[in-house]
Amino acid sequence: MRKSHLIWVEISEENLLHNISVIRDLIGNKRKLMAVVKSNAYGHGMLETAKIVLKGPVDWLGVNSIEEGIALRNNNIDVPVLVLGYVPVVSLEDVVQKNLRLTVYNMETVKTLDKIGNKLKKEIPVHIKIETGTNRQGINGKGLSTLLEFIKGSSFVKLEGISTHFANIEDTTDHSYAQFQLDEFKRIEAEFFKNEKSLIRHTACTAAVLLFPETYFEMVRTGIGMYGLWPSKQTKVSCSMKGKKIPELKPVLTWKTKIAQLKDVPDGSFISYGCTFRTTRDSKIAVLPVGYYEGYSRAFSNVSYVLVKGKRAPIRGRVCMNITLVDVTDIEDVKLEDEVVLLGKQGEEEVTADFLAELAGTINYEIVSHINPVLERRVV
Ligand SMILES: Cc1ncc(COP(=O)(O)O)c(C=O)c1O
């Protein structure tokens with residue numbers, strides 16, 4: 001990717017490795033740690049992130065799509081990679097050729113894998129996703145038993161792992177539903193998998209890693225915590241309610257740009273589309289070359305701020321597709337191309353993903369993963 005002198009995302013290698021060691025300390029050395037680098041590593045840059053995390057105690061990588069898995073392989077990353085999302089039947093041979101692991105929950109998928117295995121004379125490891133109550137991906141009951149029978153009878157499709165994903169573990173201090181899902185997972189395991197030797201069982205996302213050691217099994221799958229963000233306020237509260245030491249997670253990402261124009265705007269002038277802001281004094285406005293296309297949400301219009309020279313510069317008017325206007329009247333000595341922090345720290349000030357998420361009525365996961373993948377990710 002071309003180095004950008006205008007808009008870029010800095011990734012702190014030190015903070016990423018710090019967070020991984022925090023997670024490793026929690027889970028101990030016996031279990032495998034999967035770094036979830038799907039969705040461009042939650043906006044952090046998949047290849048950049050993968051290369052860093054593999055310098056630390058990470059064993060597996062988790063991606064959403066076959067395209068992400070292939071990109072890892074094409075960049076000489078050869079650790080086990082599990083594709084968490086759906087892979088269409090026509091693409092399954094590529095999964096096998098690239099030695100990616102698949103999450104399975106359909107007969108169509110495993111039957112096709114069996115044929116591919118036969119053709120290539122190759123064993124194909126799969127992980128069955130167990131439906132325990134999230135009711136998105138996964139299988140249980142009769143469907144599970146038929147799927148499992150087929151896999152047992154196949155000479156090529158090999159059951160390597162079973163997994164599930166919690167529906168209600170992040171945004172609540174009431175973990176009864178997560179407990180119900182964990183009990184379901186154990187019940188289904190006892191019913192269907194009791195004779196399976198050396199299965200890799202994995203259920204834990206970051207919130208589970210922070211709160212429930214009983215969810216760790218043989219592997220955990222962490223995303224958000226690795227990026228230095230808490231899954232939610234409730235997770236932190238739950239951590240202290242359980243009397244646990246609150247681990248220190250350090251945000252990994254800083255999003256920067258430069259001032260593209262400075263202008264003096266008289267008192268009483270409207271700023272940006274829709275005339276939603278009118279100056280109440282003679283103002284100095286800085287034009288920033290980012291907008292909602294780049295991932296800087298329109299929801300930040302008139303309510304958020306960026307950092308210039310370590311000070312807060314409030315957003316004035318609507319965030320446009322590629323432009324945002326900020327008020328720098330109270331900041332001294334601002335010049336064209338001065339560095340601006342959209343997300344992260346500058347001096348003593350910080351714009352957090354949690355703060356932006358609250359303004360946009362969403363979660364920090366969405367704020368960071370919406371940063372346009374075409375922007376440069378720069379490891380610092
Ligand atoms: C199946 C699966 N496992 C693990 C994760 C990681 O979750 P977290 O980022 O909360 O650690 C995700 C994230 O969405 C997921 O979809």
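## Basis of the description

Helices (H or I, at least four residues) and strands (E, at least two) are taken here as DSSP runs, numbered from the N terminus. The model is predicted, so that local features need pLDDT of at least 70 and side-chain atom pairs count only at pLDDT 80 or more, whereas totals for chains, interfaces and linings use all residues. Residues are numbered from 1 along each chain as its sequence is written, and side-chain values use heavy atoms, with hydrogens and water left out.

## Ligand site

The ligand is surrounded by 13 residues, a residue being near when one of its heavy atoms lies within 4 Å; Tyr42, Thr206, Arg221, Ile224 and Tyr365 are the closest. Helix H2 (38–42) and strand S9 (219–222) each contribute at least two residues to this shell. Divided by class, the shell holds four nonpolar, four polar and five charged residues, where Ala, Val, Leu, Ile, Met, Phe, Trp, Tyr, Cys and Pro count as nonpolar, Asp, Glu, Lys and Arg as charged, and the others, Gly among them, as polar.

## Salt bridges

The count of salt bridges comes to 18, each being a side-chain nitrogen of Lys or Arg within 4 Å of a carboxyl oxygen of Asp or Glu. One of them joins aspartate 264 to lysine 284, with the closest N and O atoms 3.4 Å apart. Because aspartate 264 belongs to strand S11 (residues 261–265) and lysine 284 to strand S14 (residues 283–288), the pair ties together parts that are 20 residues apart in sequence.

## Backbone with positive phi

Asparagine 40, although not a glycine, has a positive phi of about 55 degrees, and this residue lies in helix H2. Serine 272, also a residue other than glycine, has a positive phi near 70 degrees; serine 272 is placed in the loop between strand S12 (270–271) and strand S13 (277–278).
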